[in-house]
Each structure stands twice: as C-alpha cells, then as structure tokens.
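Reader: I am new to this structure. Please show me how to read its features one at a time.

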Amino acid sequence: MNDKKIVFSGIQPSGNLHIGNYLGAIQRWVDNQDAYDSIFCIVDLHAITVPQDAEELRTQTRKLAGLLLACGIDPDRSVLFIQSHVTAHAELAWILNCVTPVNWLERMTQYKQKAAKQKSVSTGLLDYPVLQAADILLYDADLVPVGEDQRQHVELTRDIARRFNHLHSETFVLPEALIAKAGARIMGLDNPTSKMSKSTDTRYHGIGLLDDPDDIRATVRRAVTDSGRDIVFSADPEKAGVNNLLTIYQVFTGQSSQEIEDHFAGKGYGDLKTEVAEAAIEGLRPIQQRYNKLAEDPATIDKLLEAGAEEARRRSTPTLKRVKEHVGFIIPDS
Ligand code: TYM
C-alpha cells in the first residue's frame, strides 16, 4: 500500500525555460521524487490560451520534456506526461466551469496581467485557472509545488473543490501549495521589481537553462543593483537586485544565508556578479550535458511520454468517473 502524499505540478511549454522555473519549481520536484508520489505535466492546453505558432509549440513541448528529464525528473519514479494526451483534463475543466463563478476568475492577478498584454482576450485565458484546478484535482493531489506566482491559482483550486464538494457530495481532496522559502520568486535581472518570466523581449532579463556560459556572464554582469555596497539579504525594495543575486547564489550553492553573507563580506558587487554567474554556469552544466544527449534521441522521449500518459489516464479515470456520478451523468458500462 502506497501511503506517500501525492504531488502534482505543471509547466507550460511556451518560451524558454529559465532559472526561475528551475529554482522555484523543478529543482524541488526532482529532489522530492522519493518522498512523494509525483506527477508532472507539460501543460500544452494552457499554452494555447495565448496565441502560439503550431510548429513552435510542438518544438517547445519536446524541448521541455527533454529539459525536465535532463533536470532529473525520473520516469521510473515519477509520472511525466503531456496534458493534451489525457482528455480527462479538458473534460473535468468543463464540469468545474459549471460550478465556478466568473468573478472568481476575473479577480486572478495573472489573468489581469496577461489580458492587459493581449489585443483580444480569449475565453480560455479567463478560464485558465479552472483547467489548472482540473489538473490538480484529477489526481487527488495533496501538494502542489510551485513558485510564489501560482499561489493564487492553488487557492482558487481549493475554493473550486470546496464548492463542488458542497454542491454535490464529497468528491475532491483539497490540495495545498508547496512553496519554497528561497527561490520561490526569482526576479528579472534587468528589473528586480518584476519576476523573471519566459515571455520577455529584453536581452538581459533572465538566464535560460540552455544559455551558454558567455551569455550567462554577460547577463549577470548587467544585472541591476543599487548605489550602495552592502552584500546582504534584504527585503528593502532598494536592494531588490542584490537580494535577487544572493538568492540565485543560495539556491544554486545550497549554502545558508549567514554563510553567504560571511563569504561576501568586504567584497564588491563586481565579485558578487562574477560568483553568481559561475554558480549558475556550474549548476546548469550537468543539465545541459544531459539535455544535449537526450535531444539526439527524440523517439525515446516520445516513448517515455506515451508511457507517462498511459499511467496518467489510469490514475485519472476513476476520479472523473466519481465526478460524473456525483454530477448525475449516466456512466456507460464500457
Ligand atoms: P509556468 O509554466 O509559468 O511556470 C512553471 C513553474 O515555475 C514557477 N516560476 C517561478 N518560480 C520562481 N521564480 C520565477 N520567476 C518563476 N517563474 C515561474 C511557477 O510558479 C511554476 O511553478 N499555471 C502554471 C502551470 C500549471 C500548473 C498546473 C502548476 C498548469 N496546471 C497544475 C501546478 C499545478 C504555469 O503557468 O507555470
């Protein structure tokens, strides 16, 4: 009998994966694979809530699968699959739509931010968090390891689950967000007041997982800091840039805040930037090596994803059946 807690998390195959995604989410998915019964999903249905080029989406989806494997997601210990391969996600999302008030969705911060960037806002963009709720609830997940920006969506998932349980009968487990103390919100290097994001046009904004060492050094060298000299962790908005660099250093090296502050005592921002860049380069090197190897064999990745989808179907089917029974649908025999 498996009594491990169930973990579910997802990631969009849009734009380039950056160290925010890695340090805020993926690194912990990898580290906790033995502790939890883990399910990870490449959420292509979510990606099309904003316009996508079809070929580019396919390329990004395969690339993301390769990167997750290279980061250490182990298909022998975790389920890894593509969301559109398991139709239960879209099906449950529809049912959950029917218990979710529109004004819950209009309140979502990420919706408001993304909608502001679109000329025409799709219904899918508004509905995005309901699909995310379906992802999580289909697997009776207890824990959802995410970065800080996803906290509101996990809270909404709980609200939707609670409402469904109340309107129908007890159906869903209420999940909890699992958010790290360090690294849950990596900021843009060019602008430490906004989070590092996949969808950016600026050159020195983030560090991609596949960036080469020279690019990483160039980006970190241009990172915005402040006019002071103190290299200390700080919540002061003035020191957001230095705090962000120290956080990146911390999650790559695993050292405590005190060790890091002692290490940088008496050094300058130039030294800090050099050491942060080298820590990132060293941290990413093995991932890049594994990725380059895996990318030579896309057929193996496709096979792993097929097996993952098969397992995800096996695990989500009973939940969807339970939901349909509670809603009042006739369940066919076959
Ligand atoms: P996505 O693809 O934007 O991001 C994937 C994960 O990376 C985290 N993250 C960050 N963490 C720290 N600092 C940052 N700058 C940063 N940027 C991103 C995100 O919090 C996330 O954990 N809606 C989700 C995908 C999703 C999902 C789910 C997640 C769909 N269904 C079900 C959990 C459970 C998203 O767009 O993540």
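Author: Start with burial. A residue counts as buried when its relative accessible area is under 20%, exposed when it is over 50%, and partly exposed in between. Keep in mind that this is a predicted model.

Reader: Is Tyr249 buried or exposed?

Author: The relative accessible area of Tyr249 is 7%, so Tyr249 is buried. Tyr249 lies in helix 10.

Reader: Which residues is Tyr249 in contact with, leaving aside neighbours within four places in sequence?

Author: They are Gly254, Gln255, Ile260, His263, Phe264, Glu275, Val276 and Ala279. As for a residue at some distance along the chain, Gln152 is 97 residues from Tyr249, and their C-alpha atoms are separated by 27 Å.

Reader: How do I read two packed helices?

Author: Two packed helices are described by the angle between their axes and the distance between the axes. Take helix 10 (residues 240-253) and helix 12, whose axes are 9 Å apart and pack at an angle of about 35 degrees. The crossing of helix 10 past helix 12 is left-handed.

Reader: Which residues of helix 10 and helix 12 make the contact?

Author: Helix 10 contributes Val242, Leu245, Leu246, Ile248, Tyr249, Phe252 and Thr253. From helix 12 come Tyr269, Leu272, Lys273, Glu275, Val276, Ala279, Ala280, Gly283 and Leu284. Sorted by class, this contact has twelve nonpolar, two polar and two charged residues.

Reader: At what angle do helix 9 and helix 12 cross?

Author: The axes of helix 9 (residues 213-221) and helix 12 (residues 269-294) cross at roughly 145 degrees and come within 9 Å. Here the crossing is right-handed. On the helix 9 side the contact is made by Pro213, Ile216, Arg217, Val220 and Arg221. On the helix 12 side it is made by Lys273, Val276, Ala277, Glu278, Ala280, Ile281 and Leu284. The residues of this contact divide into eight nonpolar, no polar and four charged.

Reader: Why is helix 7 described as largely enclosed by the rest of the structure?

Author: Because twelve of its 15 residues are buried. Among the buried residues of helix 7 are Leu125, Leu126, Tyr128, Pro129 and Val130, and also Asp135, Ile136 and Leu137.

Reader: What is Asp142 in contact with, leaving aside its neighbours within four places in sequence?

Author: Asp142 is in contact with Lys5, Ile6, Val173, Pro175 and Glu176. Leu45 is 97 residues from Asp142 in sequence, and 23 Å from Asp142 in space, C-alpha to C-alpha.

Reader: Which residues does Thr319 touch, not counting those up to four places away in sequence?

Author: Thr319 touches Leu137, Leu138, Asp140 and Phe172. Thr319 has its place in helix 13 (residues 298-327), and with a relative accessible area of 3% it is buried. Gly183 is 136 residues from Thr319 in sequence and 33 Å from Thr319 in space, C-alpha to C-alpha.

Reader: Is Glu311 buried or partly exposed?

Author: Glu311 is partly exposed, with a relative accessible area of 25%. The place of Glu311 is in helix 13. Val86 is 225 residues from Glu311 along the chain, yet their C-alpha atoms are separated by 9.7 Å.

Reader: Where is Gln27?

Author: Gln27 is in helix 1 (residues 19-31). The relative accessible area of Gln27 is 17%, under the 20% cut-off, so Gln27 is buried. Not counting residues up to four places away in sequence, Gln27 touches Tyr22 and Val251.

Terms used. Residues are numbered from 1 along each chain as its sequence is written. This is a predicted model: local features need pLDDT of at least 70, side-chain atom pairs count only at pLDDT 80 or more; totals for chains, interfaces and linings use all residues. Side-chain values use heavy atoms; hydrogens and water are left out. Buried means under 20% relative accessible area, exposed over 50%, partly exposed in between (1.4 Å probe, protein chains only). Helices (H or I, at least four residues) and strands (E, at least two) are DSSP runs, numbered from the N terminus. Axes are lines fitted to C-alpha atoms, for helices over the stretch in contact, and angles run from 0 to 180 degrees between N-to-C directions. A crossing is left-handed if the near helix is turned anticlockwise from the far one by less than a right angle, and right-handed if clockwise. Contact means heavy atoms within 4.5 Å. Ala, Val, Leu, Ile, Met, Phe, Trp, Tyr, Cys and Pro count as nonpolar, Asp, Glu, Lys and Arg as charged, and the others, Gly among them, as polar.
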